[in-house]
Amino acid sequence: MDFTLDHQQELLRDGLSRFLATRYDLDRSRTAAKTGQGWQPDIWRAFADDLGILGAALPEEYGGGGGGPVEMMLIAEALGHALVVEPYVDTAVVAAGLLRRAGEGIAAELLEKIVSGSAIVTLAATEPTSGEHWQDVSTVARCDGDQWVLTGAKIVSASTPLATHVLVTARTSGERSDDDGISLFVVEIGSATSGIELQNYRTIDDRRASDMTLDNLRLPATALLGDEGGAWPSLAQARDEGAAAICAEAVGCMRKVLADTVEYCRQRQQFGQPIGSFQVLQHRMVDMYMEVEQSAAAVYLAILNLEADAATRARAVSVAKATVGRAAQFVGQQAVQLHGGMGMTEELAIGHYFKRLTALQFEFGSTDHHVTRYSRLTSP
């Protein structure tokens, strides 16, 4: 597996890492997440204007950099290393992928706004009864003249409290769990004054999410993205792209957690010597290192197969998500144990990273879900 970065990719990685090291303060980020708007708009603007990362993996025709999955991976890993809460994956990966495959019209307009940083677009796909199956859609959309009328509910819509637009899945035909008959609609949060109710909250890892109730929400005909009833293939791809992106983010988190743990064990004294000199703790840190490197290799495999056929892509992504899910649990727990009681305090970064690594295990499908999916995809 050849994974050599070209010069432009190295510049992207190094420039973003330097920016985050000097401009992204963890304490300020946590304060914004807990007491402010939930994010830092000035950082988002810098992502667009100073670094250009919001469009780095998007086509040039929308103002992007013309990159692809590798650029997305480099960005997500760097953001994970700095524990960035701004919604890069939700907007520039998942929503942007859906818009790019939807075609022209409002999709193209929103893509250009994402690249410029003037729009934050998220996806609302999970429902109270759907579990981990995005195709289990009970929300209904019916055509009424030149409008669409949506009725239903969505839960745990990530980053929606920060969004200017939300992409909502709704069934226009077929039975509840059919792949066919699912459509995708654009809802502009600011203009939807009636028919939509949002309940916003902070998640355990200091992100923002919403539960959404739609009660005869009226949308113009232009709000439909792509073909009526044909959204599932794009949704399935978006879910795999999102899973691959947060796997890369998790690798960045784990590299930071491992480095901090090794440094702490060098400094912490017990019985007159650093605890890092104890062989049993050295073995634990070696095990952590092995989990991180296995995860990185699995992410490379997923990234290299994101543009392959659907079955190959799904297998590679499930391998990565299952591998990273196991590693995130192990690395996070070992780091907390090696730090002792301090590991779960607000004062140390390790506690914040632990929460994020815990939440990552369940985004875009849990570890168990992806193990089951891989088994199904590889069965005779």
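Colleague: Over how many bridges do strand 2 (residues 140-144) and strand 3 pair?
Modeller: This is a predicted model, in which local features need pLDDT of at least 70 and side-chain atom pairs count only at pLDDT 80 or more, while totals for chains, interfaces and linings use all residues. Residues are numbered from 1 along each chain as its sequence is written, and side-chain values use heavy atoms, with hydrogens and water left out. Strands (E, at least two residues) and helices (H or I, at least four) are DSSP runs numbered from the N terminus, and two strands pair if DSSP finds at least two bridges between them. Strand 2 and strand 3 pair in the antiparallel sense, over 5 bridges.

Colleague: Which residue takes a positive phi in the hairpin of strand 2 and strand 3?
Modeller: Ala141 stands opposite Leu150 in strand 3. The hairpin has 2 residues between the strands, and the residue with a positive phi, near 65°, is Gly145.

Colleague: With which residue does Lys34 form a salt bridge?
Modeller: A salt bridge here is a side-chain nitrogen of Lys or Arg within 4 Å of a carboxyl oxygen of Asp or Glu, and the structure holds 21 of these salt bridges. The closest N and O atoms of the pair formed by Lys34 are 2.8 Å apart, and the partner is Asp206. The pair links distant parts of the chain, 172 residues apart, with Lys34 in helix 2 (residues 26-35) and, in the loop between strand 6 (196-202) and strand 7 (208-220), Asp206.

Colleague: Is Asp206 buried or exposed?
Modeller: Buried means under 20% relative accessible area, exposed over 50%, and partly exposed in between, with a 1.4 Å probe and protein chains only. Lys34 has a relative accessible area of 29% and is partly exposed. With a relative accessible area of 2%, Asp206 is buried.

Colleague: How many residues apart in sequence are the parts tied together by Arg313 and Asp240?
Modeller: Arg313 forms a salt bridge with Asp240, the closest N and O atoms being 2.9 Å apart. Arg313 lies in helix 9 (residues 310-339) and Asp240 in helix 7, so the parts that this pair ties together are separated in sequence by 73 residues.

Colleague: Which residues are linked with Arg207 in a network of salt bridges?
Modeller: Glu249 forms a salt bridge with Arg207, the closest N and O atoms being 3.4 Å apart, and both of these residues are buried. Linked with Arg207 in the network are Asp205, Glu249, Arg356 and Glu363.

Colleague: What volume does the largest pocket have?
Modeller: A pocket is an open set of points on a 1 Å grid over the protein atoms alone where a 1.4 Å probe fits, with protein on both sides within 12 Å along at least five of seven lines, and lining residues have an atom within 4 Å of a point. Grid points are joined across faces, edges and corners, and a volume is the space filled by probe spheres set on the points. For the largest pocket, that volume is about 880 Å³.

Colleague: Which helix supplies the largest share of the lining of the second largest pocket?
Modeller: The second largest pocket has a volume of about 340 Å³, and 17 residues line it, those closest to its centre being Trp232, Ala236, Ala314, Arg373 and Arg376. Helix 7, helix 9 and helix 11 (367-378) each supply at least two residues of this lining. The largest share, 5 residues, comes from helix 11.
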